[in-house]
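Biologist: I'm new to this one. Could you walk me through how to read it?

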Amino acid sequence: MKHIIQFTVTKDEGVAAEKTAFNGLAASGWHTAAIAMSLSVQVRPFGPHPLMGLGVDDLRWMKPVRPGDLLHIEGEVVELTPSRTKPQGIAKIKWTAYNQRGEAVYTFTPIGIVPRRPNQYMRKCQ
């Protein structure tokens, strides 16, 4: 998270950050969001298939991310809706980013179009 410090131009700004609601230097929320999104894409939850995003639900910043924090993410599929006419569906995965202390710092639920496995019944009928 050394990039957080790069946003701080002078030492005085670091001292001034201690007087804010964050009680010290903290990453921009969008910086945290970009890191979490990058990690979720690297996981490739639906294999090698490209994903198309439709939006994001329930985006929340719960705790500040600090210089030196190490983040990891965990995901939970919360909804799968198959298309009735196309070999695809809509997936919602709730991702939560945690720091090295196991504290949830950020959560978001992207909505994506994902490929669908062929229906087993349909293959037998062909």
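Modeller: Let's begin with a term: a salt bridge is a side-chain nitrogen of Lys or Arg within 4 Å of a carboxyl oxygen of Asp or Glu. Side chains of opposite charge can pair when their charged atoms come close. A search of the whole structure finds four salt bridges. Keep in mind that this is a predicted model, where local features need pLDDT of at least 70, side-chain atom pairs count only at pLDDT 80 or more, and totals for chains, interfaces and linings use all residues. Residues are numbered from 1 along each chain as its sequence is written, and side-chain values use heavy atoms, with hydrogens and water left out.

Biologist: How many helices and strands does the protein chain have?

Modeller: Helices (H or I, at least four residues) and strands (E, at least two) are DSSP runs, numbered from the N terminus. Here the protein chain has four helices and four strands, and from the N terminus on they run α-α-α-β-β-β-β-α.

Biologist: Back to the salt bridges, then. Which residue does Lys92 meet in a salt bridge?

Modeller: Asp57, with 3.3 Å from N to O. Lys92 sits in strand β3 and Asp57 in strand β1, so to speak distant parts of the chain, 35 residues apart. Asp57, Lys92 and Glu79 are linked in a network of salt bridges.

Biologist: And which residues does Arg101 pair with?

Modeller: One partner is Asp69, the closest N and O atoms being 4.0 Å apart. Arg101 lies in the loop between β3 and β4 and Asp69 in the loop between β1 and β2, so this pair ties together parts that are 32 residues apart in sequence. Arg101 also forms a salt bridge with Glu103, at 3.2 Å from N to O.

Biologist: Is Asp69 buried or exposed?

Modeller: Buried means under 20% relative accessible area, exposed over 50%, and partly exposed in between (1.4 Å probe, protein chains only). Asp69 has 4%, so it is buried. Glu103, at 26%, is partly exposed. Across the protein chain, buried residues make up 28% of the 126 residues.

Biologist: Now pockets. How much space lies in the largest pocket?

Modeller: The idea works on a 1 Å grid over the protein atoms alone: a pocket is an open set of points where a 1.4 Å probe fits, with protein on both sides within 12 Å along at least five of seven lines, and lining residues have an atom within 4 Å of a point. Points are joined across faces, edges and corners, and a volume is the space filled by probe spheres set on them. The largest pocket holds about 370 Å³. It has 21 lining residues, and Met37, Ser40, Val41, Leu51 and Pro110 are the closest to its centre. Elements supplying at least two lining residues each are α3 (29-43), β1 (52-61), β3 (88-98) and β4 (104-115).

Biologist: What classes of residue make up the lining of the largest pocket?

Modeller: Ala, Val, Leu, Ile, Met, Phe, Trp, Tyr, Cys and Pro count as nonpolar, Asp, Glu, Lys and Arg as charged, and the others, Gly among them, as polar. By that scheme the lining has 14 nonpolar, six polar and one charged residues.

Biologist: What is the volume of the second largest pocket?

Modeller: About 260 Å³. Its lining divides into six nonpolar, three polar and two charged residues, and β2 gives the largest share, three residues.
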